[in-house]
Amino acid sequence: MRLAVFSDIHGNLEALEAVLADIESRQIDEIVSLGDVIGYGCDPIPCLELVQRHCRFSLIGNHEAALLEQHTIERFSDTARISMQWTQNQLSPTWVEYLATLPEFVVENDQTFVHASPFEPRSWRYILDEFEARLGFSAFDTALCFTGHTHIPVIFSESPNHTVTGTFAETLTPESDMRYLISVGSVGQPRDNDPRACYVIADTDDETISFIRVVYDIARTQSKLKAANAPASLVTRLEVGR
Amino acid sequence: MAEIIVKFEDKVIERIVTEKKRLSIGRTHDNDIVLENRGVSRKHALLEFNDNAAVIIDNESLNGTFVNNRKISEEVLRPEDVITIGKYALVYHPEAEEGNTGGVSFEGTMVLNTKKQKELLEKDKLERQIVAKFGGSVLIGEENAEFSEYVLDRDVTTIGKAKFVHVRVKGFFVAAIQAKIVRENGQFELVSLGRSGKTKVNGETVDRRVLRNDDLIVVGKTAFRFIEGKS
């Protein structure tokens, strides 16, 4: 069984199409999305459609939640708020209804899936250090948890005596008595200084978890953003991956 | 109609479909199944078919007759049992499929090699000692196992990565209780309970499988060999 997990597409159609093409070439049995399909990017609807068609489920991210709970948009940064308002104008009431059906948490096969930290998922905490990871580990029971939200691919492991360590490896061979919190990175707006789209493959036969990077047509995404008068910082961050 | 597949070093050389009640097996050409190798006695063994059962009888052969790598003198066969005589393996199917009955088509030159025979006898002797020592069926720990022998002395033996199971295995994607071995009517059945593809017998993924002597069980990354203690 080969499972592909991705997150944080953020309306970047070129990145999503490149990732789906890559997945197509790798004999993947199932795809799941951890949320934030929309926000920032110019193509929220085509991205939602592709996710609906290809993913077994997609979770609610903070951007989807913000559309449903208007008051939270005020807490967003300027660029996020401007793009959120733009996104809102694109979506029909039917799409808003669909967003309201998205699950917050999925637990199956000894795996947990959640958009941000499993600790108070609706506070959308960023797991960027071992302290936050430890809180995260305290909030799920399975051996493995996949999470997004930070846009940074990283592996946190918890030993049987509850020592939490953050590392990165392109391929991880998980150990029997450890637990893992896998931050899968971002498809549409990577922030780890690598502009390529990022996703994860969990191979239960090989017993490996691999991070995959995919090149996509960044210039095309940028020209769409410019044409839509998006904030300049949104355009430039894509080519540097920040 | 019973079917016997004759293999020489894993290569199928003959398929026998028969309605006869009795087949003789041996080196000389007056046998029904001719195994041309000096490790095979002239009148090595007999296969007898009753209404519901097939029985293999060793004719006090020099090098012995084995069923699922267990030396026998007389043994009732179960479907897919493997009879080893010299370097030949005979697989028993109670019901033959429709199709050609095949002809004798021996290939290549056969070289007498008693090394395998010696190994088989040695292994059989060891297994008998283990069974005698523990008084029943046993799992022999192979790759990544936490024990060298585990006696299957309960009706249900659980296998998985949880701390509370009887037999612990390695592998991250293995379930807490990935499988169980159930004893029923003198047989042991392996039943997969956890993630699919993680419970295998002789390299094949199984949901449930009645275990035979010398079956190789792999659960996650840990391997065991099943040694059947005759009841």
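Predicted model: local features only at pLDDT ≥ 70, side-chain atom pairs only at ≥ 80, totals over all residues.

Biologist: Interface first, then. How many residues does the contact take from chain A and from chain B?

Modeller: Chain A puts in 18 residues and chain B nine. Together the two chains bury about 1,100 Å², and carbon and sulfur atoms give 55% of that area.

Biologist: Which residues in chain B lose the most area to chain A?

Modeller: Those are B:Phe172, B:Phe173 and B:Arg195, which together make up 60% of what the chain B side buries.

Biologist: OK, and what about charges: how many salt bridges does the rule find across the interface?

Modeller: One. The partners are A:Glu207 and B:Lys198, with their closest N and O atoms 3.1 Å apart.

Biologist: Switching topic. In the largest nonpolar core, which residues touch the most other members?

Modeller: A:Phe6 and A:Tyr199, out of 48 residues in that core. Helix H1 of chain A, residues 13-24, gives the most to the core, with seven residues.

Biologist: What is A:Tyr199 in contact with, leaving aside its neighbours within four places in sequence?

Modeller: Quite a list, including A:Phe6, A:Val19, A:Ile23, A:Val184 and A:Phe211. A:Asp22, A:Arg26 and A:Ser210 are also among the contacts of A:Tyr199.

Biologist: Now the sheets. In what order do the six strands of the open sheet in chain A come?

Modeller: They go S3-S2-S1-S11-S12-S9, with mixed pairing. S3 (57-58) and S9 (171-172) are the edge strands of chain A, each pairing on one side only.

Biologist: How does S2 of chain A run relative to S3(A), parallel or antiparallel?

Modeller: Parallel: two bridges join S2 (residues 30-33) to S3(A). A:Ser33 stands opposite A:Ser58 in S3(A).

Biologist: And the open sheet in chain B, what's the pairing there?

Modeller: Antiparallel, with six strands in the order S13-S12-S22-S21-S18-S19. Strands S13 (149-151) and S19 (204-205) of chain B each have a single partner strand, so one side of each is left without a neighbour in the sheet.

Biologist: Let's stay with S19(B). Over how many bridges does S18 of chain B pair with S19(B)?

Modeller: Two, in the antiparallel sense, with S18 covering residues 199-201. If you want a spot to look at, B:Lys200 stands opposite B:Thr205 in S19(B).

How values were computed. Residues numbered from 1 in each chain as written. Chains lettered and ligands numbered in written order. Heavy atoms only, no water. Core = buried A, V, L, I, M, F, W, Y, C linked by side-chain atoms within 4.5 Å. Buried < 20%, exposed > 50% of the residue type's maximum accessible area, 1.4 Å probe, protein only. Helix = DSSP H or I, 4+ residues; strand = E, 2+ residues; numbered from the N terminus. Contact = heavy atoms within 4.5 Å. Pairing = 2+ DSSP bridges. Buried area = accessible area lost by both parts, 1.4 Å probe. Salt bridge = Lys/Arg side-chain N within 4 Å of Asp/Glu carboxyl O.
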